[in-house]
Amino acid sequence: MMVGISLWGGGEDEKVLRGKDTFAVSSKNYEGDPYTYYLYTITPKQVGKIEPVIKRIVDVGLKVHLQLLSNDEGVDGFSWRPEELRDLRFEMDEMLDSYPQTIISSKYYHEVLTTGVMKGRRFGWNECPSVTESMDNRQPPVRRLIHFYRWAADLKTVHRCCTSATRDCSTCKDGAAHMSWVMVNKREHMNTTQDLQNWIEVYEMFAKLYRLIPW
Ligand code: SF4
């Protein structure tokens, strides 16, 4: 079982968004643990500034998986603009090239996550594979990766998906949902060598994240 620790940026960003530099605490508890990774949610305010965050993770010997903030509460300055998404995509690519032993990712994942588009289709409710099975009434049924359920802490209540119940799917930037969206669409990635390589890299990324393959 892997432990994913939520991270919302550098020390100052975390103080603004979460009240304290949580990394300072979690990194002490989990330093060097091969079964732990950081789930780094990048906000628009961190474009151009993610390398110091990655370096902090390198220094404590942990891994990191990247996703993007979805501004569910509509906080001023935290909604994505197209140019920020474009810049971030290339920044994430650069980081992956520079820290391939720390960042669990792929360039195709960066493309799909930042554009919200895969093979001409747009991500959203009609495509998302990460919907709790008993609440999924979409017709025709949407492809799913697993029998996904999101349980609440009482272990009885189920929620629609792993994000807030009211999130607008059309602006959702959830990383796992985008990663599994690529994974369930294998046939759409069998037309060219590059497409198939892209699909395999996303699958490999998933397998590394959950240690299904040695890494
Ligand atoms: S909010 Fe995101 S993860 Fe949840 S159902 Fe909508 S698209 Fe899927």
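**Strands, domains and ligand shell of a predicted model**

User: How many bridges join β2 to strand β3?
Analyst: β3 covers residues 63-68 and runs parallel to β2. Y38 stands opposite V64 in β3. The number of bridges that join β2 to β3 is six.

User: What handedness does the unit of β2, helix α3 and β3 have?
Analyst: The chain elements β2, α3 (residues 51-59) and β3 make a β-α-β unit. A crossover is right-handed if, with the strands pointing away from the viewer, the path from the first strand over the helix to the second runs clockwise. The handedness of this unit is right-handed.

User: How many of the residues of β2 and of β3 are buried?
Analyst: A residue is buried if 20 or more other C-beta atoms, placed from the backbone, lie within 10 Å of its own, exposed if 12 or fewer, and partly exposed in between. Strand β2 (residues 36-42) is mostly covered, with five of its seven residues buried. β3 is mostly covered as well, and the count of its buried residues is five of six.

User: Why does V64 count as buried?
Analyst: V64 lies in strand β3. Two residues are in contact if their C-beta atoms, placed from the backbone, lie within 7 Å; beyond its neighbours within four places in sequence, V64 touches Y37, Y38, Y40, I54, I57, T102, I103 and I104. V64 is buried because the number of other C-beta atoms within 10 Å is 23.

User: Is M1 buried or exposed?
Analyst: M1 lies in the segment before β1. Its C-alpha atom is separated by 18 Å from that of Y203, 202 residues apart along the chain. Because M1 has 5 other C-beta atoms within 10 Å, the residue is exposed.

User: What distance separates the centres of domain 1 and domain 2?
Analyst: Domain bounds come from an automatic or database domain assignment, which gives domain 1 (1-105) and domain 2 (116-215). Taken over C-alpha atoms, the separation of the two centres is 20 Å.

User: Which element gives the largest share of the side of domain 1 that touches domain 2?
Analyst: The contact takes 11 residues from domain 1 and 14 residues from domain 2. The largest share of the domain 1 side, four residues, comes from β3.

User: How do the residues of that side of domain 1 divide by class?
Analyst: Ala, Val, Leu, Ile, Met, Phe, Trp, Tyr, Cys and Pro count as nonpolar, Asp, Glu, Lys and Arg as charged, and the others, Gly among them, as polar. The side of domain 1 that touches domain 2 divides into six nonpolar, four polar and one charged.

User: What covers the buried residues of α5?
Analyst: In helix α5 (residues 107-115), the buried residues are Y108, Y109, H110, V112, L113 and T114. After α5 comes G116, with a positive phi near 70°. The cover of the buried residues of α5 includes β3, α4 (82-98), β4 (117-118), α6 (175-183) and α7 (193-209).

User: What is the value of omega for the peptide bond from Q139 to P140?
Analyst: P140 is placed in the loop between β5 (121-122) and β6 (150-151). The bond from Q139 to P140 is cis, and its omega is near -10°.

User: What is phi of L155?
Analyst: L155 lies in the loop between β6 and β7 (158-159). L155 is exposed, with 7 other C-beta atoms within 10 Å. L155 is not a glycine, yet its phi is positive, at about 60°.

User: Which residues come nearest to the ligand?
Analyst: A residue is near a molecule or strand if its C-beta atom, placed from the backbone, lies within 6 Å of it. The shell around the ligand has seven nonpolar, three polar and three charged residues. Of the 13 residues around the ligand, those that come nearest are C128, C161, R167, C169 and C172.

Notes. Residues are numbered from 1 along each chain as its sequence is written. This is a predicted model: local features need pLDDT of at least 70, side-chain atom pairs count only at pLDDT 80 or more; totals for chains, interfaces and linings use all residues. Helices (H or I, at least four residues) and strands (E, at least two) are DSSP runs, numbered from the N terminus. Two strands pair if DSSP finds at least two bridges between them.
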